[in-house]
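Hi everyone, thanks for coming.

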Amino acid sequence: MEDNKTDSPERSGKRDSRFPIAALFVLAVALAAVIVWGKPWIQTLKPEPAVFSGGTTAPRSTLPLDASSVGPLPSHNARVTNVQIVDFDGDGQQDVVACDAQRNGVFWYGSASNDSWDEHVIADDLNAPAHATVVDLDQDGRLDVVVSILGDLYGVDDVVGRVIWLKATDTGYEQHVLLDDVRRVADVQAGDLDGDGDIDLAVASFGYARGQVLWLENMGDQQFREHELLAAAGTIHVPIADYDRDGDLDIAAIVSQEDEELWVFENIGGGRFQSRLLWFTSNFDAGSAGLIKDDLDMDGDVDLLLPLGDNLEYQYAYPQPYHGCLWFENEGDWKFTPHRIAHFGGTYAAATGDLDADGDRDVVLVSMVNEWQKSGHASIVWLENDGRQNFRMWEIARRPTHLTTVDCGDLNGDGRDDIVAGVMKVLVPFEDREGRLPAWLSRRALP
């Protein structure tokens, strides 16, 4: 099958690709990469039994986080595809924006009195929204929302994907279709990609057996021209940043169908991009679940985080020893060195923030599948950064389970980062109304 998804339930339709032809194709790609770009990082991500056995446990965290919940509980199984923390109404306080594929809508939540949350509907007639990008697309001073539409939560190859612009007006939001001739769209990100002063879009068309990475050139008057950067199924996220620090915006992409690949499209000016394959693994079941940009080591350039743990192609997905999180350290000259920073069964999304207020970047991971029928397995953990990018994993909570999206930010205004996550129940026999948007808020002084 997010985001958030961020976060990424859009990978649930991944095909079983363990066959010799695919292996030969990977070798061909590797040879081409050596010839064209220089040798990319290749990892097998094989089982590591010394550090993994069944579901993942971790010591309980001592962070002063109080469990809470944002918005109403679901009337049926929750299917939140993306959640993010952003000041949506411009009042200086952080809000929560969520995509919900069970309610087929995008909602935002502002904090009310007595720890409650007011729900506001942005749109409730969208077919399986995957991600919401909050941006002033027309630069009129009001925040709009650009929504990635899967069209179908499950794996299909039909042309059902869309990119919808929800334009903010005095009375609500007008819907404008910016792209509707593509397969399932998992992510859209915004930035001035051609340097002409307006906002363009990068698009991840996940599809199923076929997909694309596109960028949409803003032509003005609500018109966008599409340009293909890559033809490949299973692109989840396309974070935009100046990865080479040359003053323009580049596009990164994680591809998860058949071949698990990390690409960057270097902006070489004039609306042109050079494709660079940075990493891939020969493990077809590695389970890439998203891609997060962050300067994790705070050295001034933008790194990437890759959560691994999506294996929803099976009737009952089971945690695997290669699940967890990789940090791709940006060392300059398009060298991104992968470091494993966690083993965590069923990792489905990652977020970054300074949870212990010590001045460095910590990481939060959530799990979709961590052998829930046994007790003691964590559904959400945080990775404590010692300031030198050595990480220790701590359990935040064991329930609710089946978390697929997460974000960090200061929701209660105390100066410390809080956490909000999203629940997605698509697997049997785990069907209940246990939660929808769980949150963990820092409300007490750190010891």
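Let's start with a term: buried means under 20% relative accessible area, exposed means over 50%, and partly exposed is in between, with a 1.4 Å probe and protein chains only. Some housekeeping too: this is a predicted model, where local features need pLDDT of at least 70, side-chain atom pairs count only at pLDDT 80 or more, and totals for chains, interfaces and linings use all residues. Residues are numbered from 1 along each chain as its sequence is written, and side-chain values use heavy atoms, leaving out hydrogens and water.

Okay, rings. Phe, Tyr and Trp rings (for Trp, the six-membered one) pair if their centres lie within 6.5 Å; planes under 30 degrees apart are stacked, over 60 edge-to-face, and the rest tilted.

Take Y243 and F336: they pair edge-to-face, 6.3 Å centre to centre with 70 degrees between the planes. Y243 counts as buried because its relative accessibility is 2%, and F336 is buried at 2% as well. Ring pairs also bring in W334, so Y243, W334 and F336 make a cluster.

Now W263 and F265. Their rings are stacked, 6.3 Å centre to centre and 5 degrees between the planes. W263 is buried, with a relative accessible area of 8%, and F265 is buried with 0%.

Last, F107. A charge sits over a ring if NZ of Lys or CZ of Arg is within 6 Å of the ring centre and within 35 degrees of the ring normal. R103 has its charged end over the F107 ring, 4.1 Å from the centre, and R436 has its charged end over that ring too, at 5.8 Å.
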